[in-house]
Amino acid sequence: SAPTPTSGGAPGAEPPAAGGHPGGRRISRRQLLQLAAVALPGLVGSKLVYDRLAALAGPATQPPIDPIVARYDPTAHRWGFVVDAASCIGCGLCVVACKEENQVPLDAEHTRTWVERHVVAADGTVTVDSPDAGSHGFPPAPSGSPLLGQPVRLTQFVPRLCMQCEESPCTTVCPVGATYRTADGVVLVDQERCIGCGYCVVACPYGARYLVPAGSRTPTGVAGVADKCTFCYHRITHGRDPACVEICPAGARLFGDLADPTSRVSTILREQPTRVLRPALGTRPRVHYLGLEGQVDA
């Protein structure tokens, strides 16, 4: 697992410069880029900002995470995900397993995956709640819901995660190339390169990204950088399912190789009707939903 940041300073901070002021320290490349991201927009246009930041970060090279293991050939795979909303029971085990597997902070605000409850009233009114990101299950009815006492037409649980878009806004807006797509189609974040500007967090139309807060639980031991679901890339490159898929007691999360026409995911997408979230945006998600009813552009 990722190392825990040492006490007495911000995670990732450089040690004091030798012979310098007792309270001074060297400025790391990440800190320099963060300062530039804050200062430059007030001085120049956005294109020049991007050019300056990219120059500071150096040439955009693919991080050595792809492939992770020598025998894994990313060009031979195309990973996809199917969520069966009709089967999800809202237990929240997937959320807990993800946090434990990836050292994600335990609070509800910072999470790689979460579960929503969609309650549809007879008049079509929809109420969505996700207490504690769904990690501890759900109470009998949404707290303070206007649906209390009304006839309910449908209740379903909708697991959420990074959509791993083929036309991903996050990779487009990242000024330093820290968010990138692997050869097998998984969008990852190079946290050594990330400057924590937050552009990708704002650009994601699915709310699937966050900036890592300081604390004892961080995915890579670095605070202030962008994080999100990675399909458990460290597991799938070793032939294992993502942690959330492995633990789901209802089989509501399905993962597989779209390059293999015989895989379960490929078979489902070929033979059954599925939906994606916010299709009008044209992001072409690789996460598809079975049994999802109601508005998917919301």
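In which loop is the place of R240? In this predicted model, R240 lies in the loop between α6 (233-236) and α7 (243-247). Helices (H or I, at least four residues) and strands (E, at least two) are DSSP runs, numbered from the N terminus. Residues are numbered from 1 along each chain as its sequence is written, and side-chain values use heavy atoms, with hydrogens and water left out. Local features need pLDDT of at least 70 and side-chain atom pairs count only at pLDDT 80 or more, whereas totals for chains, interfaces and linings use all residues.

**Chain overview**
- The chain comprises eight helices and 10 strands.
- Of its 298 residues, 47% count as buried (under 20% relative accessible area; exposed is over 50%, partly exposed in between; 1.4 Å probe, protein chains only).
- Where contacts (heavy atoms within 4.5 Å) link residues at least 6 apart in sequence, 61% join residues at least 24 apart.

**Surroundings of R240**
- R240 counts as partly exposed because its relative accessibility is 43%.
- Leaving aside residues up to four places away in sequence, R240 touches R235 and E246.
- A distance of 10.0 Å separates the C-alpha atoms of R240 and F255, which are 15 residues apart along the chain.

**Helix α3**
- Helix α3 spans residues 93-102, and its buried residues are C94, V95, A97, C98, K99 and N102.
- These buried residues pack against β2 (114-121), α6, α7 and β9 (253-257).
- Q103 follows α3 and has a positive phi, near 55°.
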